[in-house]
Amino acid sequence: MVAANVMIDLETLGNVPGSTILSIGAIGFGPDGFEPMRAIYLAINRKSCKDAGLIEDPETVAWWNDQSEEAKRALREADSIRTSLSVGRALNDFSKWLNKQFSNSLLLWGNGSFYDLGILEAARIKTGHYPIWPKHADRCYRTLKNLRKDIVFEPSGIKHDALDDAIAQAQHATKILNAIGGWE
Ligand SMILES: [Mg+2]
């Protein structure tokens, strides 16, 4: 049986573990493509990240100014407690979602071995949460896509929307894994 694959994308205010997270998007996928019924999007409160000791990188904050108004939804939502969850609550909800949706062996993909999963892990430690995913579940989509540069990434949805990015990446990863017979 194929393991349960989940593509994760974060929108953040920094590129290193310890950075503020604005949103988490994640989608299940397998040999038939992405699974719309297994999707989650969580908007995270910016102040709660600061209170937890997560940091904002001024260059990334400035970078957001140049992004589309639709993508900036993540920034707008993060500024209000009415539209975003505390980072601790979001990690809790994300963990529950992972446990509920994917009972068999789980593989979590991030774009870079260090970026999405590293930033999530640092936030988990700062907020005192237990590990969210099993050991050895981390997989690197950046490595995967560089193994097969002939299989082109096709953008879809809003660029820099965490869930849309996760879906576009999951579609791409599906094509590559099908081509190389790489499903675990
Ligand atoms: Mg993204």
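Close-up 1. Asp165 is buried, with a relative accessible area of 13%, where buried means under 20% relative accessible area, exposed over 50% and partly exposed in between, for a 1.4 Å probe and protein chains only. This is a predicted model, in which local features need pLDDT of at least 70 and side-chain atom pairs count only at pLDDT 80 or more, while totals for chains, interfaces and linings use all residues. Residues are numbered from 1 along each chain as its sequence is written, and side-chain values use heavy atoms, with hydrogens and water left out. The magnesium ion is coordinated at 2.0 to 2.1 Å by Asp9 (OD), Glu11 (OE) and Asp165 (OD), donors being N, O and S atoms within 2.8 Å of the metal (3.2 Å for Na, K and Ca); water is not among the atoms, so sites may look incomplete. Asp9 lies in strand E1 and Asp165 in helix H7 (residues 162-180), so the pair ties together parts that are 156 residues apart in sequence. Asp9 is also buried, with a relative accessible area of 5%.

**Close-up 2. Helix H4 and its cover.** Helix H4 (residues 87-101) has 15 residues, helices (H or I, at least four residues) and strands (E, at least two) being DSSP runs numbered from the N terminus. Among the buried residues of H4 are Leu91, Phe94, Trp97 and Leu98. What covers the buried residues of H4 includes strand E1 (4-12), strand E4 (106-110) and helix H5 (116-126), with contact meaning heavy atoms within 4.5 Å.

**Close-up 3. Cysteines.** A search of the whole structure finds 0 disulfides, a disulfide being a pair of cysteine sulfur atoms within 2.5 Å. Cys49 is buried, with a relative accessible area of 0%, and Cys140 is buried, at 18%.

How values were computed: The expected span of a helix is 1.5 Å times one less than its number of residues.
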